[in-house]
Each structure stands twice: as C-alpha cells, then as structure tokens.
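I opened the notebook to record what I looked up in one protein model. The entries follow the order in which I went through it.

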Amino acid sequence: MPKRTDLKSILVIGSGPIVIGQACEFDYSGNQALRALRAEGYRTILVNSNPATIMTDPETADAVYIEPLTPEFLEKVIAKERPDSILPTMGGQTALNLTVELDARGILKKYNVELIGANIASIKKAEDRELFRQAMIKAGLDVPKSRTVKTLEEGLAFLSEIPFPLILRPSFTLGGEGGGTALNREQFSQMLARGLELSPMHEVLVEESLAGWKEYELEVVRDRKDNVIIVCSIENLDPMGVHTGDSITVAPAQTLTDVEYQVLRDQAIRVIREIGVETGGSNIQFSINPATGRVIVIEMNPRVSRSSALASKATGFPIAKIAARLAVGYTLDELLNDVTRSTPASFEPTLDYVVVKIPRFDFDKFRNSTPLLNTTMKSVGEAMAMGANFKEAFLKCLASMENRHTWFKPTEFDGAPLTPERRAELMAFLKTTHYLRVIYTATAIRQGISLEELHEVTNFDPWFLRQFDEIIAVEKEIQAMGWAKAEPEFRQNREALGRAKAMGFSDRYLAELLGTKEINLRNLRFELKLHPHYRAVDTCAAEYEAFTPYLYSSYQNCWRESPVPAEEKPMLASGIPGGGKTVMILGGGPNRIGQGIEFDYCCVHGAMALRERGYKVVMVNCNPETVSTDFDVSSRLYFEPVTAE
C-alpha cells in the first residue's frame with residue numbers, strides 16, 4: 001500500500017543521555033528513521049537532550065529541540081509544533097516510557113496526536129510483565145512459572161509456592177535495572193524492594209530461575225499487511241542468568257538444529273502478532289532447556305534495541321530505516337533492499353559468514369563494583385567482528401576490544417601444573433558469572449581440564465567449548481615451535497601460517513606465542529604473500545549483486561591465493577567510476593568510560609565534510625552501535641578491528 005498522505009509531520013523522541021543499557025545505538029536508529037522520513041517528504045521534529053548525537057544536528061530533522069525528556073517539556077513541544085503523529089520506537093526504553101506517560105496524562109488525546117509504529121496497548125502488553133505473561137499463555141506459548149507482585153508482602157507470600165533461586169524482573173525498566181537473581185529470602189527482600197521502587201508501574205515479575213538454559217534472540221519485522229520476516233537469529237554464548245547485553249553473542253545461531261530454529265521462528269511470529277506491534281522491528285528472547293528441549297518465551301522489546309543495531313550491522317538490513325517507512329504505510333514487499341537494489345525488503349537476509357559480538361566492561365575503573373554478571377546490564381560498550389567461521393570471528397572480536405584481553409592471554413592459573421587446591425580454585429571461579437570467564441576457560445583447557453567438566457561448571461554449550469579447544473590446540477603447536485624454528489618452517493610451508501591466520505590468530509597474538517615482535521611476523525606474512533580477502537556484506541549470500549561497499553576481511557584459504565586487496569569497481573563518493581583521492585578515517589572502537597558517542601559524531605562529520613569536497617572516504621571501525629558504521633555514511637566501510645594489522 002502507498003505511504004500515508006494524511007500525515008504531514010512526525011515527532012521522534014530520542015533516548016536522552018548515555019547510560020548503561022542505552023547508548024549510541026539509539027542515535028543510530030533515530031538518525032536512520034529521521035533521514036528516511038524526511039526522504040519521504042514528511043516534516044520531522046526531534047526532541048532529545050544529548051548534544052553529542054548525530055540526530056541532534058540541525059540538518060537531521062526539520063525542527064530539533066534539545067530539551068529535557070519529561071512529559072512537561074514534551075507537551076510544550078507538541079503544543080508548539082502540533083505534530084500529526086509520534087514515532088516512539090526509536091528512542092529506547094526512555095521514549096516508550098514517555099509515550100505511555102503522555103497517554104496517561106491525556107496529552108496525546110488533547111492534541112490529537114496519533115502513535116505510529118506501536119500503539120499504547122502493544123507497548124503495555126510487551127512491557128508490563130503480567131500482561132506479557134498472560135498474552136503468551138493466550139497465544140499457547142510456554143512461560144516460566146511466575147507471579148507479578150506490587151508489594152513486598154505479596155512477594156514474600158509467593159515464596160511458599162516456588163523454590164530458590166528466583167529471577168526478579170521489574171516492569172518498564174532499562175537494561176534489566178533493579179532485576180537479578182535472588183538465592184535466599186534476605187536477598188529476595190532487598191532486591192524486591194529496590195525493583196518495586198525502580199519500576200514506574202511499581203511492579204516486579206518474580207519467576208522461576210532458568211539458570212543454565214540456552215538463550216536465543218530473534219529480530220523480527222512486521223508490516224501492516226501482517227507480513228513478518230526474521231532478520232537475524234542471535235545466540236548467547238552465556239547461558240540464562242546473564243543479561244543479553246553483557247553476553248558474548250553469535251549470529252546466526254550456531255547450535256540450533258533447523259527444526260529448533262523453525263520452532264523459534266514460528267513462535268516469534270505468534271508473539272509479535274499477539275502483542276500487536278503493527279509495524280516495525282521487535283526483539284524477542286527465548287530460552288531452551290538443553291536437556292529436554294523445552295522452549296520458553298522470556299521477553300519482547302516492541303522497539304528497536306541494541307540487538308537491533310547489532311542485527312542491522314551483522315546482516316546489512318537497516319532495521320530502523322525500514323521500520324520508519326513501514327510506520328507510514330509501506331509494506332515490506334514495496335521497499336527495496338538497499339544492498340542489492342533489486343530484491344524487496346520482504347526477503348529474509350541470508351548470512352554466509354559468522355558474526356560475533358563481545359561486550360566491553362570497565363570494572364577496572366570502579367574498584368568497588370562487583371565484576372559478576374547477572375540480569376542487570378553492566379557493559380559500557382561492545383565490539384563486533386565478522387569471519388568465515390566462528391573461530392575467526394571470535395578472535396577478531398577479541399582483538400577489537402582495546403583492553404588487556406585482546407586474545408586468550410595467560411592468567412594466574414597458567415604456567416605450572418595445577419595443584420589440587422589451585423584446580424579447585426579455578427573450577428570455583430568458572431562456576432561464577434565473572435566477566436572474564438571465557439578467558440579463564442581457555443586457561444582451564446590449557447591445563448587439561450576436560451570439556452565435559454567445563455560444560456558442567458560453565459553451562460557453555462559443548463560446541464563452543466570445542467571451538468575454544470581447537471584454538472588452544474593450535475596455540476600450543478605454535479608456541480612450542482618458537483620463532484627460531486617457526487620462521488624457516490613457515491617459509492617452507494606457508495600453509496601452516498595461513499591456517500593459523502584463517503582461524504583468526506592476529507599477527508600480535510602469533511608474535512606473542514612465538515616470542516618475537518609483531519613487525520617480524522607481519523614482514524614474514526607479507527613476504528609469503530598471505531593477505532586477507534575482503535568480502536561484501538550483501539544480505540543474500542552472493543545470490544544477487546551487492547552495490548554497497550560494506551566489507552570484512554577473512555584469511556580463509558589465503559595460502560592458496562596471493563590476493564592484493566583492491567577494488568573491483570573503483571568509485572568516487574559521488575558514484576562516478578574512476579580514481580580520486582581517498583582519506584581513511586579510523587573509528588573509535590568499542591565505547592568505554594571516557595570515550596563514547598562523541599567520537600562517532602566526529603567520524604561522521606569528518607566523512608560528510610570530505611565527501612562534500614569530492615574525496616572518497618574509507619571508514620574502519622568495529623562498533624556496531626554507531627552511525628559511522630552505517631554503510632552509506634562513507635564511500636567504503638570496513639568492519640574490522642581498529643589495529644595496525
């Protein structure tokens with residue numbers, strides 16, 4: 001169906017200041033939505049309070065208000081601008097909560113403002129824990145045993161019906177704030193009191209613990225004609241009990257059978273229809289009991305989220321841009337895929353590569369904080385990497401972290417063989433949800449602890465543990481050689497070094513193992529002509545031609561060829577074939593305390609200014625939350641670790 005012509009102006013609510021659980025991914029989604037709406041001829045109005053964002057630039061919207069995100073200030077903007085509609089799904093939890101408050105105060109009715117993308121009923125049904133539980137039961141889907149409580153007394157009374165541990169999930173809170181796992185009555189009382197205080201609705205869902213179960217997410221998009229597509233499946237490496245924003249995640253899901261995936265796909269479609277999200281993207285989370293196969297629906301975000309930004313960058317499918325156009329009346333089959341320019345947006349993306357996201361933590365800067373992960377989000381940023389297989393993507397992502405753990409570095413348990421006491425100490429550590437547990441898992445593998453034992457204490461899927469085991473096996477082989485022996489051997493058999501590179505080992509990682517400098521390893525690799533291939537993110541596994549220069553590197557089969565990285569179709573920023581001067585912009589990598597969205601702002605404006613002057617701009621970055629890693633910001637985008645290699 002054609003776009004709506006009865007709407008003239010649309011107000012978009014931003015997400016406000018950067019906080020844990022809500023960062024620059026909403027600048028990315030809001031910026032995409034505003035650009036899409038303006039391109040369709042609508043007058044756009046933005047209200048946000050964060051000056052470090054691209055979306056608050058004067059040219060992003062027709063009217064930009066940098067104001068506090070409160071109902072009072074929003075009403076003043078609505079009274080002045082008189083928008084026909086509000087798009088509430090681009091500003092995270094902040095925008096959703098404000099929209100609900102505007103409706104409760106009668107402001108939307110007073111000024112005759114329509115909601116597009118999601119209505120009040122669907123927002124409440126998805127965000128109110130009890131309404132969501134009832135909706136899932138109505139749809140015939142399994143949910144954890146639970147009860148929504150509004151007082152401490154109600155919660156304590158429920159303890160007689162359900163055993164510890166228990167999960168607490170406050171309604172309408174950001175990043176799981178106020179939630180967590182209670183192991184005993186005292187913890188339960190303290191957490192429940194805090195959760196009730198933090199929830200705008202003063203209600204908390206108390207549910208049975210699914211700790212140890214596997215967790216998956218599906219990014220789902222729906223249009224007004226009830227066409228539904230799955231953009232991407234995402235698997236959490238960490239089991240249930242760790243917030244998905246704090247977990248290492250992989251796309252597409254690696255350990256699901258096709259039958260299991262189809263079950264999740266069918267259930268996701270039933271969820272979005274039952275909740276009633278009319279158009280746009282939603283993130284739906286599931287848990288699967290690895291022993292029985294029981295599938296549980298955990299929750300749904302009726303809006304774009306951090307996972308939506310990750311899925312967009314992982315697949316090349318611009319969820320926020322598509323969602324904005326769906327909100328004004330288009331259907332998926334009417335919108336073209338920006339990457340292929342020939343297939344409709346109703347084609348589900350297909351990945352012929354693996355994507356890994358690793359969260360970035362800054363516990364070192366907060367010495368009194370507890371470095372244990374739970375259902376409340378604690379990460380301050382993330383990096384993403386792509387590779388031909390899981391091992392390559394995982395090690396590339398570790399190399400992107402820009403901290404002390406850019407490969408499987410040795411820990412205090414490495415070196416000498418473990419005594420019984422030290423072994424028990426390591427196993428006790430691995431039972432916790434410490435943010436460095438994966439690094440210590442590598443140590444345990446080096447020390448000969450069986451994968452079966454590690455699965456028992458970590459609940460990491462055996463498939464992931466086997467991947468780590470294969471990395472450590474190659475690591476041991478290389479380390480045993482030493483540089484003096486390795487250099488002549490690699491010259492004689494370049495495939496040995498090439499296979500290590502294809503597994504994701506960085507030059508720096510290999511140099512550390514061999515006891516030499518990184519430059520020596522790099523020089524040898526260049527001498528042996530072991531270079532990466534650069535592959536396009538094309539949404540269709542090379543079935544159709546891709547027109548967007550969105551690339552990632554892979555050393556897969558690099559020993560069989562000697563590629564020299566080069567463009568097949570040299571192109572100026574203006575799109576005119578030919579030469580031209582090129583400027584490379586290095587992005588800021590994962591967000592951290594002291595380095596965040598403001599550097600994304602600088603990268604984007606640098607790219608815009610250079611392209612206006614006719615330069616071709618090459619962007620290199622590894623942060624999936626950013627506007628700078630949108631494939632149409634620069635002439636070419638390389639989603640790569642920001643390292644010398």
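**Entry 1: ground rules.** I note that this is a predicted model, in which local features need pLDDT of at least 70, side-chain atom pairs count only at pLDDT 80 or more, and totals for chains, interfaces and linings use all residues. Residues are numbered from 1 along each chain as its sequence is written, and side-chain values use heavy atoms, with hydrogens and water left out.

**Entry 2: domains.** I looked up how the chain is divided, with bounds that come from an automatic or database domain assignment. The assignment gives domain 1 (9-116), domain 2 (146-208), domain 3 (214-349), domain 4 (420-528) and domain 5 (548-639). I also noted that the C-alpha centres of domain 2 and domain 3 are 28 Å apart.

**Entry 3: cavities.** I first wrote down the terms. On a 1 Å grid over the protein atoms alone, a cavity is a set of points where a 1.4 Å probe fits but cannot get out; a pocket is an open set with protein on both sides within 12 Å along at least five of seven lines; lining residues have an atom within 4 Å of a point. Grid points are joined across faces, edges and corners, and a volume is the space filled by probe spheres set on the points.

How many cavities of 30 Å³ or more does the structure hold? I found 10 of them. The largest cavity contains about 560 Å³ of space. Its lining is made of 40 residues, and His243, Thr244, Gln285, Glu299 and Asn301 lie nearest the centre.

For the elements I used DSSP runs, numbered from the N terminus: helices (H or I, at least four residues) and strands (E, at least two). The elements that each supply at least two residues of the lining of the largest cavity are α5 (120-127), β7 (166-170), β10 (214-222), β13 (280-288), β14 (295-301) and α10 (306-315). β14 has the largest share, with four residues.

I sorted residues by class: Ala, Val, Leu, Ile, Met, Phe, Trp, Tyr, Cys and Pro are nonpolar, Asp, Glu, Lys and Arg are charged, and the others, Gly among them, are polar. The lining of the largest cavity then has 13 nonpolar, 17 polar and 10 charged residues.

Entry 4: Which element gives the most to the lining of the second largest pocket? I found α8, with four residues. The classes in this lining are 11 nonpolar, 16 polar and five charged.

**Entry 5: Thr99.** I looked up Thr99, which is in helix α3 (residues 92-104). Is Thr99 buried or exposed? The scale is relative accessible area, with a 1.4 Å probe and protein chains only: buried is under 20%, exposed is over 50%, and partly exposed is in between. Thr99 counts as buried because its relative accessibility is 0%. Contact means heavy atoms within 4.5 Å. Leaving aside neighbours within four places in sequence, Thr99 is in contact with Ile13, Pro88, Leu108, Leu115, Ile120 and Ile123.

**Entry 6: helix α19.** In helix α19 (residues 518-527), the buried residues are Leu521, Leu524 and Arg525. Seen down the axis of α19, these fall within an arc of 100°, so they line one face of the helix. The arc is that of the directions from the helix axis to the C-beta atoms. The cover over the buried residues of α19 includes α16 (462-492), α17 (494-502) and α18 (507-514). Asn520 is also in α19 and is partly exposed, at 30%. After α19 comes Lys529, with a positive phi near 55°.

**Entry 7: backbone spots.** I found a cis peptide bond between Phe164 and Pro165, with omega about 0°. Pro165 lies in the loop between α7 (152-158) and β7. The peptide bond from Ala251 to Pro252 is cis too, with omega near -10°.

Arg341 is not a glycine, yet has a positive phi of about 60°. Arg341 is exposed, with a relative accessible area of 53%. Glu402, not a glycine either, has a positive phi of about 55° and is partly exposed at 31%.
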